[in-house]
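Trainee: I've got a model open and I'd like to talk it through with you. Can we start with one exposed spot and work outwards?

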Amino acid sequence: MSYDKKDLERRMEGALNSLSTEFSGLRTGRASVNLLDSIMVPAYGSTVPLNQVASVTVSDTRMLSVNVWDKAVVGAADRAIRESGLGLNPVVDGQNLRLPIPPLNEERRKELQKVAGKYAESARVAIRNIRRDGMDSLKAMEKDGEISEDRHHALSDEVQKLTDIYVAKVDDALKAKEAEIMQV
């Protein structure tokens, strides 16, 4: 086994990027094309992401437009959006779907904060798992005589500091998302 700080950092950065992707799908009362990223549409004999059968644009702060490329898929896209759990009701206009984004009530905002918290905790767990992998490789290297006990402790401290930095970044991202959710 070998210790690679750059690899650990890259993996922790990946966990942070994954968190920001999950956050972008959380509705905040403003229209965002990322809101529909998780929607899967049954089309052409399989289930595909909405962005592979339509283009999504922001008409204004409270309206999304979905331009479905194939007339045969319009109904399936409409149904997929309605059943997505996002609380959106598309208005069908030919091959276009207009999605008004309703303002969030206080109860829904609190629910979204809890969901954001779960996403953040998953990212923290991923970062801690990466730390564990790094620590395990250091223990194995010390056991095999590749590094001294002092070097092991120094590198362990380095891994812990890296972990603390990324957990703090997750916490900052969560605070920002919670503020965005609660903004009226």
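Predicted model: local features only at pLDDT ≥ 70, side-chain atom pairs only at ≥ 80, totals over all residues.

Trainee: Where is tyrosine 44 placed?

Mentor: Its phi is near 55 degrees, a positive value in a residue other than glycine. As for its place, look at β1 (40-43) and β2 (46-49): tyrosine 44 sits in the loop between β1 and β2.

Trainee: Is arginine 62 buried, partly exposed or exposed?

Mentor: Arginine 62 also belongs to a loop, the one between β3 (54-60) and β4 (63-68). The cut-offs are under 20% for buried and over 50% for exposed. Arginine 62 has a relative accessible area of 37%, so the label is partly exposed.

Trainee: How is the chain divided into domains?

Mentor: The domain assignment makes one of them out of two stretches of chain, 5-26 and 105-183. The C-alpha centres of the two domains lie 33 Å apart, and four residues of domain 1 are in contact with four residues of domain 2. So you have domain 1 (5-26 + 105-183) and domain 2 (33-100).

Trainee: Why does the largest pocket lie between the domains?

Mentor: The pocket has a volume of about 260 Å³, and Gly25, Leu26, Ser38, Leu86 and Tyr119 are the lining residues nearest its centre. It lies between the domains because its lining takes residues from both domain 1 and domain 2.

Trainee: Which element gives the largest share of that lining?

Mentor: There are 16 lining residues, and they split into six nonpolar, six polar and four charged. Both α1 and α3 supply at least two of the lining residues. The largest share is four residues, and it comes from α3.

Trainee: And which element gives the largest share of the largest nonpolar core?

Mentor: That core has 27 residues, and Tyr3, Phe23, Ile127, Leu138 and Val170 have the most contacts inside it. Two or more residues come from each of α1 (5-24), α3 (106-143) and α4 (149-182). The largest share, nine residues, belongs to α3.

Trainee: Which residues does valine 170 contact, leaving aside neighbours within four places in sequence?

Mentor: Valine 170 is among the residues with the most contacts inside that core. Apart from this core there is another one, of 24 residues, including Val48, Leu50, Val53 and Leu88. As for valine 170, its contacts are Leu16, Leu19, Ala120, Ala123, Arg124 and Ile127.

Trainee: Is alanine 123 buried or exposed?

Mentor: Alanine 123 is in helix α3, and it touches Ala15, Leu19 and Val170 when residues up to four places away are not counted. Its C-alpha lies 6.6 Å from that of leucine 16, although 107 residues separate them in sequence. With 6% relative accessibility, alanine 123 counts as buried.

Trainee: What about lysine 114, buried or exposed?

Mentor: Lysine 114 is found in helix α3 too. Between its C-alpha and that of glutamate 178 there are 9.1 Å in space and 64 residues in sequence. Its relative accessibility is 60%, so lysine 114 counts as exposed.

Methods: Residues numbered from 1 in each chain as written. Heavy atoms only, no water. Core = buried A, V, L, I, M, F, W, Y, C linked by side-chain atoms within 4.5 Å. Buried < 20%, exposed > 50% of the residue type's maximum accessible area, 1.4 Å probe, protein only. Contact = heavy atoms within 4.5 Å. 1 Å grid on protein atoms, 1.4 Å probe; cavity = no way out; pocket = protein on both sides within 12 Å on 5 of 7 lines; lining within 4 Å. Points joined across faces, edges and corners; volume = space filled by probe spheres on them. Nonpolar A, V, L, I, M, F, W, Y, C, P; charged D, E, K, R; others polar.
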